[in-house]
Amino acid sequence: MFANMRWDGWELFGLIGEGLFFARMLAQWAASERERKPVVPAVYWYMSLAGALILLVYALHIGSFAVLLPQVVGLVFYSRGLQLEFHSRKRAARLKALGLD
């Protein structure tokens with residue numbers, strides 16, 4: 001099974017993308033444990049975007065639509081998650097400045 005696999009720089013590149021996806025779950029789990037409630041930290045969205053971009057480039061290189069499509073769709077969701085995070089922080093800063101935090 002593994003004898004037919006190729007191990008080159010592109011394979012390593014794809015594994016880095018997969019590693020980021022795995023690590024984002026660890027970051028989310030650690031943040032939730034720290035808060036003692038479900039939490040999605042900003043680093044989750046950054047790692048998701050980075051992983052998706054890496055895997056998108058990898059999918060283009062290997063010519064796999066099955067790998068490419070979920071990354072393109074995911075980029076929309078991860079970008080929106082970061083946008084919501086930025087708006088939330090901006091709102092919290094305004095409330096704090098007004099003494100309403």
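In the predicted model, Glu-85 is buried, its relative accessible area of 19% falling under the 20% limit that defines this class. The side chain of Glu-85 meets that of Arg-89 in a salt bridge, with a distance of 2.7 Å from N to O. Both residues belong to helix α3, where a separation of four residues places Glu-85 and Arg-89 about one turn of the helix apart. The count of salt bridges comes to two, and the other pairing joins the side chains of Glu-33 and Arg-36, with an N to O distance of 2.9 Å.

The secondary structure of the protein chain consists of three helices and zero strands, giving the pattern α-α-α when read along the sequence. The radius of gyration of the chain is 18 Å, well over the 13 Å that the globule rule gives for 101 residues, so the chain is more spread out than a compact globule. Along its principal axes, the C-alpha trace spans about 60 × 25 × 20 Å. Of the 101 residues, 32% count as buried, and the chain exposes about 7,200 Å², of which carbon and sulfur atoms supply 68%. When contacts between residues at least 6 apart in sequence are considered, 62% of them join residues at least 24 apart.

The largest nonpolar core is made up of twelve residues, namely Phe-21, Tyr-44, Trp-45, Leu-49, Ala-52, Leu-55, Leu-56, Ala-59, Leu-68, Leu-75, Tyr-78 and Leu-82. Helices α2, covering residues 42-62, and α3, covering residues 65-97, each supply at least two residues of this core, and the largest share, seven residues, comes from α2. Phe-21 is also a member of this core; with neighbours within four places in sequence left aside, Phe-21 is in contact with Ser-48, Gly-51, Ala-52, Leu-55, Gln-71 and Tyr-78. Among these partners, Ala-52, Leu-55 and Tyr-78 are likewise residues of the core.

Ser-48, another of the residues in contact with Phe-21, is found in helix α2. Ser-48 is classed as buried because its relative accessible area is 0%, under the 20% limit for that class. With residues up to four places away in sequence not counted, Ser-48 touches Phe-21, Arg-24 and Tyr-78.

On the surface, Phe-2, Met-5, Trp-7, Leu-12, Leu-15 and Ile-16 form a nonpolar patch, with about 660 Å² of accessible area together. Met-5, one of the residues of this patch, is found in the segment before α1, the helix that covers residues 9-35. The relative accessibility of Met-5 is 35%, and this residue therefore counts as partly exposed, a class that lies between the limits of 20% and 50%.

Methods
Residues numbered from 1 in each chain as written. Predicted model: local features only at pLDDT ≥ 70, side-chain atom pairs only at ≥ 80, totals over all residues. Heavy atoms only, no water. Core = buried A, V, L, I, M, F, W, Y, C linked by side-chain atoms within 4.5 Å. Buried < 20%, exposed > 50% of the residue type's maximum accessible area, 1.4 Å probe, protein only. Contact = heavy atoms within 4.5 Å. Patch = residues over 30% accessible without salt bridge, like charges linked within 9 Å, V, L, I, M, F, W, Y side chains within 5 Å. Areas by Shrake-Rupley, 256 points an atom, 1.4 Å probe, with all protein chains shown as cover. Salt bridge = Lys/Arg side-chain N within 4 Å of Asp/Glu carboxyl O. Rg over C-alpha atoms; globule rule 2.2 N^0.38 Å.
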